[in-house]
Amino acid sequence: MILQSVVSVDVEDYFHVEAFANVVNRADWESYPSRVEANTRRVLDLFDECGVRGTYFILGWVAERYPVLVREIASRGHELGCHSYWHRLIYKLSPEEFRQDTVRAKNLIEQAAGVPVQGYRSPTFSITRKSLWAFDVLAETGFSYDSSVFPVRHDVYGIPDAPRAPFVVQTPSGPIVEYPMTTFRLRGSGNLPVGGGGYLRIFPYWYTRLGVERAWREGIPIVSYIHPWELDPHQPRLNASLKSRLRHYTNLSGMENRFRELIRMGPFSSFRESGLERLARVHDLKERQECPKKTP
Ligand SMILES: [Zn+2]
């Protein structure tokens, strides 16, 4: 069965990503040639061409410098969300540091576009078991949903035993709906990531098609995500580790077509328009589930 699914964009520049955090100082961000405006417009045009509206989680640092871009995203029919201000790993922050960063970014995006922001996507999926307090802060600061949990084992992120379909997290300040990144299972496998970012760009497309079909068969909607820099094969090359360069630069020239193929598979929309919150049941992430086998 084909399920309603979601497409999202994490609006950030090529030098903001975690893969380059060791070689790019945040204090130096201003000195890098920015490509985020042009690249985000390429994403907007691609969405128009595919006839799809999505959710754009915007970095506060970008919203502060390019408020016209934020307004344009909203005026072209898309939902606005928040992707933090400084793109730091949440589990390395204190709850107070996280609150300040989140409020600053949310205010900048809302001021730029004049619309309320309801959704949050953490940098590098960094809501993990070390940072479950982030849900409390998100509810307190006026968010109604989050899309940051990746139910996989990974060297930087992941809650491998989290639910794989949308669920509700109860906090003292009210509920937050969580939309996890998509995973599927093959016979005997752990949770396999599919349909977004590097997994969409780097793995062969037959893997994406297989994973999307399997996830739908299991009743799991696709939560896809892309980054504006993933459509920019000509971005300046940064001198990071081989692993980081492979993750960041592989198949940038093929991403547009990968995205088109994905969108052709089924109905995609923003979180706001998806209606998927009706599927979400309350789940307590503090209770550990039986762990799936290791993700290769
Ligand atoms: Zn990001």
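I counted as donors the N, O and S atoms within 2.8 Å of the metal (3.2 Å for Na, K and Ca); water is not among the atoms, so sites may look incomplete. This is a predicted model, in which local features need pLDDT of at least 70 and side-chain atom pairs count only at pLDDT 80 or more, while totals for chains, interfaces and linings use all residues. Residues are numbered from 1 along each chain as its sequence is written, and side-chain values use heavy atoms, with hydrogens and water left out.

Entry on the zinc ion. I found it coordinated by Glu 12 (OE), His 83 (NE2) and His 87 (NE2), at 2.0 to 2.1 Å. The spacing of these donor residues in sequence is E-x70-H-x3-H. Glu 12 sits in the loop between strand S1 (5-11) and helix H1 (36-50), and His 87 in the loop between strand S3 (79-82) and helix H4 (95-113), so the pair ties together parts 75 residues apart in sequence. I took helices (H or I, at least four residues) and strands (E, at least two) as DSSP runs, numbered from the N terminus.

Entry on burial. I used under 20% relative accessible area for buried, over 50% for exposed and partly exposed in between (1.4 Å probe, protein chains only). Glu 12 is buried at 3%, and His 87 is buried at 3%.

Entry on Tyr 14. I placed Tyr 14 in the loop between S1 and H1, and Tyr 14 is buried at 1% relative accessibility. Not counting residues up to four places away in sequence, Tyr 14 touches several residues, including Phe 20, Trp 229 and His 248; contact means heavy atoms within 4.5 Å.
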